[in-house]
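Colleague: I've got this model open and I'd like to learn how to read it. Could you walk me through some features?

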Amino acid sequence: MLSSIIPFTPEIATEVSKYCTGVSEDQSAAQKEVWDWTCSQFQDAHKMSSPLQGATMKFLAEHQRAKRSNALAWYESTVATQAEIITLELDPKMIAASRRTFDKHGLNDRVTLIEGPAQESIEKLSGQFDIIFVDANKDGYEGYVKTALDNKLLSPTGFIMCDNVFARGMTISPDANPYLADGPRAYWTECGKALRKLNTFLKNDPRVDVVLLPVYDGVSLIKWKTTEYLKLVESIMASQVESIMASQVESRLRGREKEEKYANLLYISKGREVYKLTYMRVK
Ligand SMILES: C[S@@+](CC[C@H](N)C(=O)[O-])C[C@H]1O[C@@H](n2cnc3c(N)ncnc32)[C@H](O)[C@@H]1O
């Protein structure tokens, strides 16, 4: 059985992270500026995604060709796709820090920060996201993921990434991390209970596939199952056809039907039936 090959102690984990960071993609100048500034300003800067985690997220977002996401960490990877980024934050200090970064790095053209409790904000979102990054209060994760799925906020080919799913090991068992100090142990024990519930929910939800990766503090990746993907694609196609038909009717009303030149065919598969739909393209 292939489990983690290296038996980790804090020292070995540090050495491994350092080595992986060194042989992975480097931080950009902008990422480094935000990293250094945050470390100089915040005592709890250790909550920030590490350079290696940042490189992982950038890698995934570029591979995804994301057009819409919910986290600033993906910004640089989505410049090429002109991605729209919506980020949710509650704490005034973090809101101010975020706005400083948007101004300093010229991100205001595509980043929207919605202030307030994330659950309230996510319930008001519409449209679809290619990447949804969940890294706020751990007892809120289940609600955030459930809302994203129920409201179809995740695009057919998108993924959700949840950070800190190990809760420093407390999700797995109280013995999973003998190195965790008593101070943070109580906090992470409560987080672990909520994240264990999240994992059970995800494992049993028939709409999604999930993998929990033993990297960083445990990262879960969630995507639609193929059956759900097909249903979503079908409904998107159906709404596109409806809008094509609506615009056709509209152009007819404008008396442009004489100019119709090309006949196009659209097929919509619904279950095992295939509907064929003919419409004229107005030139
Ligand atoms: C671990 S930090 C995020 C770190 C960030 N992803 C990074 O890599 O730098 C968690 C953030 O979630 C915010 N947060 C906590 N509870 C929240 C809630 N209920 N609604 C919105 N934001 C919340 C905190 O203020 C904090 O800024």
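This is a predicted model: local features need pLDDT of at least 70, side-chain atom pairs count only at pLDDT 80 or more; totals for chains, interfaces and linings use all residues.

Modeller: Let's start with helix packing. Two packed helices are described by the angle between their axes and the distance between the axes. Here, helix α6 (residues 141-150) packs on helix α7 (residues 182-204) at an angle of about 25°, and their axes are 9 Å apart.

Colleague: How do α6 and α7 run, roughly parallel or roughly perpendicular to each other?

Modeller: Angles under 35 degrees count as roughly parallel, and α6 and α7 are therefore roughly parallel to each other.

Colleague: Which residues in α6 and α7 meet?

Modeller: From α6 you have Y141, E142 and V145; from α7, they meet A194, L195, K197, L198 and F201. That contact of α6 with α7 divides into 6 nonpolar residues, 2 charged and no polar ones.

Colleague: Now the strands. What does β7 pair with?

Modeller: A general idea to begin with: in a regular strand the side chains alternate between the two faces of the sheet. In this model, β7 (residues 219-224) pairs with β5 (residues 154-162) in the antiparallel sense over 3 bridges, with M161 opposite L221 in β7. Strand β6 (residues 208-213) also pairs with β7 in the antiparallel sense, over 6 bridges. There, L212 has S220 in β7 as its bridge partner.

Colleague: How many residues lie between β6 and β7 in the hairpin?

Modeller: There are 5, and Y216 in the turn has a positive phi of about 50°.

Colleague: Last one: which residues come nearest to the ligand?

Modeller: Of the 15 residues around the ligand, S49, L90, D91, A118 and N137 come nearest. The shell as a whole divides into 8 nonpolar, 3 polar and 4 charged residues.

Definitions and conventions: Residues are numbered from 1 along each chain as its sequence is written. Axes are lines fitted to C-alpha atoms, for helices over the stretch in contact, and angles run from 0 to 180 degrees between N-to-C directions. Helices (H or I, at least four residues) and strands (E, at least two) are DSSP runs, numbered from the N terminus. Angles under 35 degrees count as roughly parallel, over 145 as roughly antiparallel, 65 to 115 as roughly perpendicular and the rest as oblique. Two residues are in contact if their C-beta atoms, placed from the backbone, lie within 7 Å. Ala, Val, Leu, Ile, Met, Phe, Trp, Tyr, Cys and Pro count as nonpolar, Asp, Glu, Lys and Arg as charged, and the others, Gly among them, as polar. A residue is near a molecule or strand if its C-beta atom, placed from the backbone, lies within 6 Å of it. Two strands pair if DSSP finds at least two bridges between them.
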